[in-house]
Amino acid sequence: MRIATLNVHCYANDKGEDKFDELCKRLKAEQLDIIALQEAAKCRIPALASALGESFDYVTRGGNAIISRYPIVEKERFQELRVPVRLCRALVETPSGKLDFLCLHFEHMKERSRLQELKGLLYYLNSEEQPASEGA
């Protein structure tokens with residue numbers, strides 16, 4: 001299985017030029033199975049998934065996205081978390097079984113905020129409210 005994670009910086013390069021088409025071409029050339037994106041504008045994810053192939057599924061939340069060649073059987077959006085966490089989660093049905101896949105983007109400038117996000121993630125992962133997953 002080929003998996004990648006990438007901060008797409010809202011699809012712009014250092015000069016502020018749009019790099020969306022280039023990103024689509026590069027990701028397609030890599031023949032990835034699952035892609036985790038951070039700083040990804042929600043409105044462009046359907047076009048990116050389509051550019052990768054007609055069977056790609058996706059879920060977005062909080063500037064993050066998971067795009068998968070395999071069906072996403074559960075798309076959880078974390079609306080009820082008590083601590084803010086920029087996190088996207090998908091339960092993916094792979095040929096080897098279900099894969100519980102998370103994509104997150106911690107605050108990169110404020111240590112205190114990053115620690116709060118980490119506490120929120122740990123709270124969630126240790127809670128009984130998370131969905132059960134099978135397989136890998």
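In strand β4 of this predicted model, I35 finds its bridge partner in I67. This pairing belongs to a set of 4 bridges that join β2 to β4, two strands that run antiparallel. Two strands are taken to pair if DSSP finds at least two bridges between them, and strands (E, at least two residues) and helices (H or I, at least four) are DSSP runs numbered from the N terminus. Residues are numbered from 1 along each chain as its sequence is written. Because the model is predicted, local features need pLDDT of at least 70 and side-chain atom pairs count only at pLDDT 80 or more, while totals for chains, interfaces and linings use all residues; side-chain values use heavy atoms, with hydrogens and water left out.

Strand β3 is joined by 5 bridges to β4 (residues 64-68), and the two run antiparallel. Within that pair, T60 has A65 of β4 as its bridge partner.

Strand β2 is largely enclosed by the rest of the structure, because 5 of its 5 residues are buried. Buried here means under 20% relative accessible area, exposed means over 50%, and partly exposed lies in between (1.4 Å probe, protein chains only). In a regular strand the side chains alternate between the two faces of the sheet. In β2, I34, A36 and Q38 point one way, I35 and L37 point the other, and all are buried.

Now to the helices. In α1 (residues 20-30), the buried residues are F20, L23, C24 and L27. They lie on the same side of α1 because they cover an arc of only 100° around the axis, the arc being that of the directions from the helix axis to the C-beta atoms. D21, K25, R26 and A29, on the other side of α1, are exposed. The buried residues of α1 pack against β1, β2 and α2, contact meaning heavy atoms within 4.5 Å. Just after α1, Q31 takes a positive phi of about 50°.

Leaving aside residues up to four places away in sequence, L52 touches C24, L27, K28, I35 and I67. L52 and K28 are 24 residues apart in sequence, yet 5.1 Å apart in space, C-alpha to C-alpha.

Finally, the cysteines. A search of the whole structure finds 0 disulfides, a disulfide being a pair of cysteine sulfur atoms within 2.5 Å. The closest cysteine sulfur to that of C43 is in C10, 9.5 Å away, which is too far for a bond; C43 counts as exposed at 68% relative accessibility. C88 is likewise in no disulfide, and the nearest cysteine sulfur, that of C103, is 6.2 Å away. At 0% relative accessibility, C88 counts as buried.
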